[in-house]
Amino acid sequence: MDDRVFYNCTQLNVIKIPLTITSIGKYAFYGCSKLIQIEIPSTVNSVGEYAFDGCTSLLKIEIPMKIMSLGNYMFSGCISLAQISINATTMSFGLYVFSGCKSLKKLVIPNSTTAIT
């Protein structure tokens, strides 16, 4: 999935990414303020920086097993994000990954994590 593919698509509210996708580019869903739900398949192995930044209506997300790191600002500004399921293989968390996630109630960091910046 290319960089900025759904950049500022303010009317997008639900998306199911097909199994043919293996990566989500930088800023892919940046500013999708009405995005409530997104399903990321197990085939995705990387997500770019700022991918979900500004998705103010996003409620929950599950990070698939193949994603080893959460990029800088990945969920920054996701003020409604309350639930994140992170797989047991995620090893690093970038800068400001959860900045502004004021609704986040619980986050379990996997034992495999080696870096939080």
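Analyst: A polar contact here is a pair of N or O atoms within 3.5 Å, where, within protein, one atom must be able to donate a hydrogen and the other to accept it, and residues adjacent in sequence count only if both atoms are side-chain atoms. The structure is a predicted model, in which local features need pLDDT of at least 70 and side-chain atom pairs count only at pLDDT 80 or more, while totals for chains, interfaces and linings use all residues. Residues are numbered from 1 along each chain as its sequence is written, and side-chain values use heavy atoms, with hydrogens and water left out.

User: What makes the pair formed by the side chain of asparagine 87 and the backbone oxygen of proline 64 a polar contact?

Analyst: A polar atom of the asparagine 87 side chain lies 2.3 Å from the backbone oxygen of proline 64, and this value falls within the 3.5 Å limit, so the pair is called a polar contact. The side chain of asparagine 87 also reaches the backbone nitrogen of threonine 90, at 2.9 Å. Asparagine 87 sits in the loop between E7 and E8, where strands are DSSP runs (E, at least two residues) and helices are likewise DSSP runs (H or I, at least four), both numbered from the N terminus.

User: Why is asparagine 87 called buried?

Analyst: The term buried means under 20% relative accessible area, exposed means over 50%, and partly exposed lies in between (1.4 Å probe, protein chains only). Asparagine 87 has a relative accessible area of 5%, and it is therefore classed as buried. Leaving out residues up to four places away in sequence, asparagine 87 touches Ile63, Pro64, Met65, Ile67 and Pro110, a contact being heavy atoms within 4.5 Å.

User: How do you know that threonine 90 is buried, and which residues is threonine 90 in contact with?

Analyst: Threonine 90 has a relative accessible area of 0%, so it is counted as buried. Its place is in the loop between strand E7 (83–86) and strand E8 (92–93). Beyond its neighbours within four places in sequence, threonine 90 is in contact with Ile63, Ile67, Met68, Ser69, Leu70, Pro110, Ser112 and Thr113. A polar atom of its side chain lies 3.2 Å from the backbone oxygen of isoleucine 67, which is again within the limit for a polar contact.

User: Why does phenylalanine 29 count as buried, and what does phenylalanine 29 touch?

Analyst: Phenylalanine 29, which lies in the loop between strand E2 (23–24) and strand E3 (37–39), counts as buried because its relative accessibility is 0%. Not counting residues up to four places away in sequence, phenylalanine 29 touches a set of residues including Met1, Phe6, Ile24, Ala51, Phe52 and Asp53. Phenylalanine 29 and aspartate 53 are 24 residues apart along the chain, and their C-alpha atoms are separated by 7.3 Å.

User: Where is isoleucine 24, and why is isoleucine 24 called buried?

Analyst: Isoleucine 24 belongs to strand E2, and with a relative accessible area of 2% it is therefore buried. Its contacts, leaving aside neighbours within four places in sequence, include Phe29, Ile40, Val44, Val47 and Phe52. Isoleucine 24 and lysine 34 are ten residues apart in sequence, with 19 Å between their C-alpha atoms.

User: What makes valine 5 and tyrosine 73 partly exposed?

Analyst: Valine 5, in the segment before strand E1 (14–16), has a relative accessible area of 39%, so it is partly exposed. Tyrosine 73, in the loop between strand E6 (69–70) and E7, has 23% and is therefore partly exposed. Phi of tyrosine 73 is near 60°, a positive value in a residue other than glycine, and phi of tyrosine 96 is near 50°, likewise positive. Most residues other than glycine have a negative phi.

User: How do you know that the radius of gyration agrees with a compact globule?

Analyst: The radius of gyration is taken over C-alpha atoms, and the globule rule is 2.2 Å times the number of residues to the power 0.38. For 117 residues a compact globule would have a radius near 13 Å, and the protein has 13 Å, so the two agree. The C-alpha trace spans about 35 × 35 × 20 Å along its principal axes. The protein has zero helices and nine strands, and 39% of its 117 residues count as buried.
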